[in-house]
Amino acid sequence: MSRPPLKTVLRKRWTRRDLFKAAPIAVAGAGVLGLSLAGRGEAEVARQRGTCRFCLMRCGVVCTLKDGRLVKVEGDRASKTKGFVCEHGYALRELVHSHERLTHPLVRRGHEFHEVSWDDALGEVARRLEEVKRRHGAEAFAIQTGWPLVRHPLVPFLHRFARAYGSPNVATVASLCEAALRMGQALTVGSKYAPDVRKLRTLVVWGANPPTTAPPFAHVVASKALQGTLIVIDPVRTSLAKEATLHLAIRPGTDGALALGLIHVLLREQRYDADFVSRHTRGFEGLRKLAEQYPPERVEALTSVRASDVERVARMLADGAPTGIWQGLGVEHHENGVQTVRAISSLEVLCGRFDGTHDARSLLSPVTPRFAEEMLPALYRMRTPEPVPPPVAARTLGGERFPLYEVFNREAQGEVLADAILDGKPYPVRALMLWASNALLTASGTQRLAKAAEALELLVTVDPFLSASAQRSDVVLPAATFAESQDIDAEDAQVDARSLVPAQGDSWPDWRILRQLAHAMGLGRYFPWETFHEAMSAPRVAWMEAPSLQPRPEPQVEAPRFGTVSGQAEFASTLLERHGYEPLPAWSAPTEALTPDYPLRLVSGPRPRARINSQFSQSPSITARMREPEALLHPAAASAAGVRHGQRVELVSPYGRIRLRAVVTEDVHPECVVMPAGWAEVNPNLLISDTKRDPISGFPAFRSGVCRVEPLAGS
Ligand code: SF4
């Protein structure tokens, strides 16, 4: 079905001129309101505790409402984040009451969206989904969720809905965020883990930037530079790198080579616990042979980190226990992402990270071989209330191509959606529901995704705003923000289960949308609960799908220590071997080499302090922090390209070109261009290949593309 560009949205959009013209009316209205309030007494003021869910930090907040409007957001000193709120939390007020909020369901008719009732909108979705099932089979429907639903308890209910309909296909933002990290860690030590920063003496922050991604803990991380050792490994000299004991400006995509170089030094200088390694690890001899290929001098040539720094950091890690490594997206957004994570985890094993003397909570211990055999690999064990929807015969999208992604994450790999829609591989997808997701903008393969959106028979978006993806949809369902929904952190005694703010317009909380849609489709028996809290309180049963890739039992292991199949830390991974991958954490260079045509590495996606992915474009206070995305490049690269600081430039890759402003700074690696993602107008995903992926996780190489910079004349 063809989807011409949006012409009309039947809802008033206020321009600056409109606001200027309306200002006297608004002031007069306020006066009337004030008078009437004065006549009735004081305005009603309420304060309520809650949780900010814009990011995974989940800061406690106290919201002040005046006559039902959110007028103030403060940090909750009684919460675990002790009163911290960042600029995004403060911007909640602007987003809740934004004049850009969707207040009614929209259905596309020809070239226009029309406001319709919820009954009509849900009826239309139900009818068209039934039609898709009748014509193509239930597996032709998929749901893709976005960042706001990361680790959100709604997701298992979305799976429940999809399974009740008959489809196995729910994909989350894990398809391109964090899952490769968790998989790499679990393939090595049997579990995901994170450093307990407060207990460490030596902390390595590798491809991460906690001041922007974990702001409440930024000071704890930075304090390691004063109270221990802080090493930052990043092609960008971040604010944290400037505070660090040592910053290694690494060439993007070569982190695995550096990890193997550090292992080389540890082994050469015998700075590891040989007894622990012999008793609790698998594949050490293979790792030794692999690491022999990475002497510091070769590592310097590959990574641009000085050989002396490779040796120095290896010694710091070995001698500065307890040590820990905070890995971020900068490690996993490459074609070699999972193996790079594994190389870093192997390094941590050798540094005594898991010897039980510190931070033992990161281990799945004690672990019995039977447990490992039955439960592995399952980072998420989904549970759902009775009645459990019947099993689905079709295999999850991406399951054939990235089997370990399916096994570890129990969901579809959303990065293959365009293939399913456009090429029918492995089977056709004809209907897609984007739930709190702007995937057409944020996933890799922007051009193909745009074509895929056109080819769908039904595209539905559930979102508080008319996002770039919503604009291409057939039906847009206006979702309430988390502040207008029941607080799912209500088990915290400080938090009230009520919403912080009444739902705006005719927007609905996610739960209500899902429940009512299920009922409209005749699936109400699977969604009997009125509220989300009722649903979450219902007794749940383990919902283990018939595992298509159940690992075979390993021989019994004496006193297994790790949650891997062998019960040991696996330098050589049993599961990788079984699925035909290289079992050792081998490094491979990015397949796109730098050339005279494309002499720079494109690092896209590091989050600035302004937006979180594509969110917050409707917030004036956040937009004021960064009005447009910028391309950071080193003076040497700028000079070679004939580009001045502040000049508008074109970034050109083999796949596309975009225009933006150049910022010339010595804070980036000389071979790099670094830019954020999430801007519809200037989308770096137009420059990234959607075929160059990590073969284990399916992750795109967002941070090791290639490009050149061209100055724009007259700018
Ligand atoms: S760090 Fe900011 S965005 Fe994240 S939960 Fe806290 S206040 Fe919200």
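Entry 1: I began with V116 and skipped its neighbours within four places in sequence; the contacts left are P105, V107 and A121. Two residues are in contact if their C-beta atoms, placed from the backbone, lie within 7 Å. Before going on, I noted that this is a predicted model, where local features need pLDDT of at least 70 and side-chain atom pairs count only at pLDDT 80 or more, while totals for chains, interfaces and linings use all residues. Residues are numbered from 1 along each chain as its sequence is written.

Where does V116 sit? I found V116 in the loop between β6 (112-115) and α4 (118-136). Helices (H or I, at least four residues) and strands (E, at least two) are DSSP runs, numbered from the N terminus. Is V116 buried, exposed or partly exposed? V116 has 18 other C-beta atoms within 10 Å, so I wrote down partly exposed. The cut-offs are 20 or more such atoms for buried, 12 or fewer for exposed, and partly exposed in between, with C-beta atoms placed from the backbone. I also checked H104, which is twelve residues from V116 along the chain; their C-alpha atoms are separated by 6.8 Å.

**Entry 2: a covered strand.** Next I looked at β16 (residues 458-463), where six of six residues are buried. L458, V460 and V462 point one way, and L459, T461 and D463 point the other way.

Which strands pair with β16? Strand β15 (residues 431-435) runs parallel to β16 and is joined to it by five bridges, and W435 has V462 as its bridge partner. Strand β17 (residues 475-478) also runs parallel to β16, with four bridges, and there T461 is partnered by V476. Strands count as paired if DSSP finds at least two bridges between them.

**Entry 3: an open sheet.** I then traced four strands in the order β11-β10-β9-β13, with parallel pairing. β11 (246-248) and β13 (323-327) are at the edges with a single partner strand each, so one side of each has no neighbour in the sheet. Neighbouring strands here are turned by 15 degrees against each other on average, direction ignored. Between β10 (residues 229-233) and β11 I noted three bridges, with I233 opposite L248.

**Entry 4: a barrel.** In what order do the six strands of the barrel close? I read β20-β24-β21-β23-β22-β25, with mixed pairing. The twist from one strand to the next averages 45 degrees. β20 (residues 600-604) and β25 (residues 705-711) pair in the antiparallel sense over three bridges, and L600 stands opposite C707.

**Entry 5: two helices.** The axes of α10 (residues 255-268) and α12 (residues 284-292) come within 8 Å and cross at roughly 110 degrees. Axes are lines fitted to C-alpha atoms, for helices over the stretch in contact, and angles run from 0 to 180 degrees between N-to-C directions. These two helices are therefore roughly perpendicular, a label for angles of 65 to 115 degrees, with under 35 roughly parallel, over 145 roughly antiparallel and the rest oblique. On the α10 side the contact includes L260 and I263, and on the α12 side it includes L287 and A291.
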